Amino acid sequence: KSDSLSGQVRIGVPEGYGTVMLAPQLAELTRRHPNLGIDLLAVPRTVHLSRREADIVITLERPARGPFIITKLTDYVLKLYASVDYLKCHPPIRHRQDLREHAFVSYIDDLLYSKELLYLDEIGKPQHVALRSTSILAQQQATIAGAGIAILPSFSADKHPHLRRVLSEEIEFTRTFWMLMPVELKDIARMKATWSFLREMAQENQDFLLGVLDSAQ
């Protein structure tokens with residue numbers, strides 16, 4: 001039965017979730033269905049169904065209208081992170097106002113692909129943004145290297161041994177991933193199987209996506 005599914009499915013997804021979460025998960029989907037081929041567009045921009053850039057899209061913003069099947073895939077949490085070395089070498093951060101004296105790593109405002117990424121506005125603009133990038137993974141690597149404090153998805157940053165949460169009890173951001181595909185694809189077997197798999201993986205990883213740490217951290 002597992003061999004009955006064949007053909008290509010192209011998935012468009014934000015870079016962080018696509019690289020950190022989906023890439024390893026999709027290996028399981030291809031094991032289940034050896035004749036299925038997956039194209040993973042994990043990019044720091046919006047992938048457009050209307051331009052036929054992908055068959056299934058995971059996005060930060062729910063489209064207001066369109067001939068799409070739409071579901072809420074999952075919420076996920078972002079927190080402030082800094083490297084162990086950065087925290088050792090800079091003044092302690094005990095309160096929100098202490099953040100103003102620290103360097104930040106963030107997005108390039110005029111190149112943001114979604115208003116959902118305007119995190120810094122919610123905590124007050126820092127005096128100094130040391131490094132900006134369109135890529136959340138580049139921001140994380142710069143943070144690991146000690147460039148400053150960054151707002152990172154917990155599902156990515158919590159995995160890294162050199163990163164620590166900053167003001168974790170006080171500052172947290174919750175965002176939502178929406179999943180959509182064109183109505184005309186909904187009855188195609190490979191699309192249905194992929195759609196169901198993506199929902200299954202999001203459900204299985206709820207604690208991780210919501211930043212619920214086990215006692216090891």
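**Close-up views of a predicted model**

**View A. Helix 1 and helix 6 pack against each other.** Helix 1 (residues 15–32) and helix 6 (residues 189–204) pack with their axes 11 Å apart and at an angle of about 125°. Axes here are lines fitted to C-alpha atoms, for helices over the stretch in contact, and angles run from 0 to 180 degrees between N-to-C directions. The two helices are therefore oblique to each other; angles under 35 degrees count as roughly parallel, over 145 as roughly antiparallel, 65 to 115 as roughly perpendicular and the rest as oblique. The crossing of helix 1 past helix 6 is right-handed, a term for the near helix being turned clockwise from the far one by less than a right angle, with anticlockwise giving left-handed. On the helix 1 side, look for Tyr17, Leu22, Gln25, Leu26, Glu28, Leu29 and Arg32. Helix 6 brings Thr194, Phe197, Leu198, Glu200, Met201 and Ala202 to the contact, where contact means heavy atoms within 4.5 Å. Helices (H or I, at least four residues) and strands (E, at least two) are DSSP runs, numbered from the N terminus.

**A note for all views.** This is a predicted model, in which local features need pLDDT of at least 70 and side-chain atom pairs count only at pLDDT 80 or more, while totals for chains, interfaces and linings use all residues. Residues are numbered from 1 along each chain as its sequence is written, and side-chain values use heavy atoms, with hydrogens and water left out.

**View B. His102 sits in a loop and is buried.** You will find His102 in the loop between helix 2 (84–89) and strand 5 (103–106). Its relative accessible area is 2%, so His102 is buried (buried means under 20%, exposed over 50%, partly exposed in between, with a 1.4 Å probe and protein chains only). The side chain of His102 makes a polar contact with the side chain of Tyr86 at 2.9 Å, and also reaches the backbone oxygen of Pro91 at 3.1 Å. A polar contact is a pair of N or O atoms within 3.5 Å; within protein, one must be able to donate a hydrogen and the other to accept it, and residues adjacent in sequence count only if both atoms are side-chain atoms. Leaving aside residues up to four places away in sequence, the residues that His102 touches include Ile93, Pro126, His128 and Ile149.

**View C. Arg10 and Asp39 form a salt bridge.** Their side chains meet at 3.1 Å, N to O. This pair links distant parts of the chain, with Arg10 in strand 1 (residues 7–14) and Asp39 in strand 2 (residues 36–43), 29 residues apart. Arg10 is partly exposed at 34% relative accessible area, and Asp39 is partly exposed at 24%. A salt bridge is a side-chain nitrogen of Lys or Arg within 4 Å of a carboxyl oxygen of Asp or Glu; the whole structure holds 15 of them.

View D. Glu122 lies in helix 3 (residues 120–123) and Arg175 in strand 9, 53 residues apart. Glu122 is partly exposed at 46%, whereas Arg175 is buried at 9%. Salt bridges that share partners join Glu61, Lys115, Glu116, Glu122 and Arg175 into one network.

**View E. Leu167 is buried in the loop between strand 8 and strand 9**. Its relative accessibility is 13%. Leu167 and His95 are 72 residues apart in sequence, and their C-alpha atoms are 7.3 Å apart in space.
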